[in-house]
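Welcome, and thanks for taking a look at this model. Here is a short briefing to read beside it.

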Amino acid sequence: MLGLMQSQPLLISGLIEFAERHHGDAEIVSRRVEGDIHRYTYKDSAQRARQVAQALDALKLDFSDRVATLAWNGYRHFELYYGVSGSGRVLHTINPRLHPDQIAWIANHAEDQVLCFDLSFLPLVQTVHARCSTIKHFIALCDEDKLPKDSGIPHLISYERWLGEQSGIYAWPSFDENSASSMCYTSGTTGNPKAALYSHRSSTLHAYAAALPDVMCISARDAILPVVPMFHVNAWGIPYSAALTGAKLVFPGPALDGKSVYELIEAEKVTFAAGVPTVWQMMLGHMKPAGLRFSTLKRTVIGGSACPPAMIRAFNEDYGVEVLHAWGMTEMSPLGTLCTLKNKHDALPEVEKMKIRLKQGRAIYGVDMKIVDAAGKELPWDGKTSGNLYVKGPWIVREYFKSEGGDPLVDGWFPTGDVGTIDADGYLQITDRSKDVIKSGGEWISSIEVENIAMAHPAVAMAACIGMRHPKWDERPILAVVKKPGMDTSREELMRFYEGKTAKWQIPDDVVFVDAIPLGATGKMLKTKLREMLKDYRLPGA
Ligand code: AMP
């Protein structure tokens, strides 16, 4: 016997329709590429999203055709999120930090038909457009009078003119909720990138879950600043969760320096912000010397790479801002776990609470996880045994776009490539990417743990730990360190800094100072490149 409830597909258009009808006057504020602040409401945004849909119809785009973006976080990008997916096309957000060759490669692989780009990326588009063989329409996200002349890009039109030709009188189509809504290519540190292809159903379920109190706790009373880019994994789903709750949205545009982000938080009374550790490091670096405080910010979700304990402490203890440490990946839409305390932790002393907050957190309903050994056998949840992390759930990839890489699942589970422990309360702690694990004398050393300790040293701006071949121990850790400007430290001082903080055999054998640690397009450390950089390095005594 089937239930007798109404059947209504979970579609992205439903989110903006809801926001328009029930939170029509809630604000969306954007710092534009032009530098000024733009503000309007969900009602205005929904109207323009419908104009996008009509404009795509006018271009005769088919259902599921891909529309690419190279854009910062802003209101026009937000309209494309809804106009493209809502009309049944697939939004392909491209990471502008990728190498131009890779951008051309993924645009061709995705068979993008349209490319919408912010003017800051004009030189990039001029470099790649001739190599993007499937793109027929180039749209500059600007007013008509800002449209560059003689750009060399064929049929370039301005977004405002493109939209201006449409009435916005449009009914969102209804279709199968399993249809593709957006896509994002993985960072592709090894080989060519592969695309996660999200569906309307997966994105809507993810948006619901992300807003839950034990997840991002988003409500209509929030003003959200997603610093995490809309060009990577849908800005952790915030553009969807915000519409689902009617929260005010504040988009930072291209100005991601500490001063600009801080000023926007204060000016727009932001209550909740989301970003990767490097962004917050820049902001705290701006705030501390100037003695600045937050007047409205209550919590911030930090993920994308391990959040250094020193940062969690600084937010919590110095600024009274709760840090929600999150873990996920492109293949998971991206949220997997988020760290909030349970009721029973209330009575714990602050130091014990902090130990939990440093972990990546508990699985969100919708995500199941397990750790397994090399033979695939499930390992215990004791907080000590570490293993390969596998996940499954309705917003986790089943396979990649165009079946690249074959069937990624193992007995229905997706192997994340991460290694971690899970404790008896279900808190996950990521210790490494499996390829970065350091195996020393038969024991595993967590490079994240080694890095976290170094990051607490006042002179360390960034630290990366990698394993080096060792004749006796197989591998030994060394630490590459970038010093903070104007600060100094030495190899000996840093090695002493580890004493009493970790087991002796986990202390790195050496410290090398470097000008910069190579970062990938999503701001993660590229340890493969670091290893290349240090290929002539020899361990002391090895
Ligand atoms: P991406 O698909 O580019 O978003 O990268 C996902 C990967 O980033 C994960 O598989 C992890 O290796 C890493 N990552 C994300 N969040 C965290 C976190 N909170 N702690 C440690 N690593 C993380």
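This is a predicted model: local features need pLDDT of at least 70, side-chain atom pairs count only at pLDDT 80 or more; totals for chains, interfaces and linings use all residues.

Residues are numbered from 1 along each chain as its sequence is written, and side-chain values use heavy atoms, with hydrogens and water left out.

**Overall build**
- The protein chain holds 16 helices and 25 strands (DSSP runs: H or I of at least four residues for helices, E of at least two for strands).
- Its radius of gyration is 24 Å, in agreement with the value near 24 Å for a compact globule of 542 residues (taken over C-alpha atoms; the rule is 2.2 Å times the number of residues to the power 0.38).
- The C-alpha trace spans about 70 × 65 × 50 Å along its principal axes.
- Of the 542 residues, 59% are buried (under 20% relative accessible area, 1.4 Å probe, protein chains only).

**Domains**
- The domain assignment gives domain 1 (10-201), domain 2 (256-435) and domain 3 (438-533) (bounds from an automatic or database assignment).
- Domain 1 and domain 3 have C-alpha centres 40 Å apart.

**A look at Ser85**
- Ser85 sits in helix α3, residues 75-86, and is buried, with a relative accessible area of 0%.
- Beyond four places away in sequence, Ser85 touches Ile12, Leu80, Leu91, Phe175, Ser181 and His200 (contact: heavy atoms within 4.5 Å).
- Ser182 is 97 residues from Ser85 along the chain, yet their C-alpha atoms are separated by 6.8 Å.

Terms used. Buried means under 20% relative accessible area, exposed over 50%, partly exposed in between (1.4 Å probe, protein chains only).
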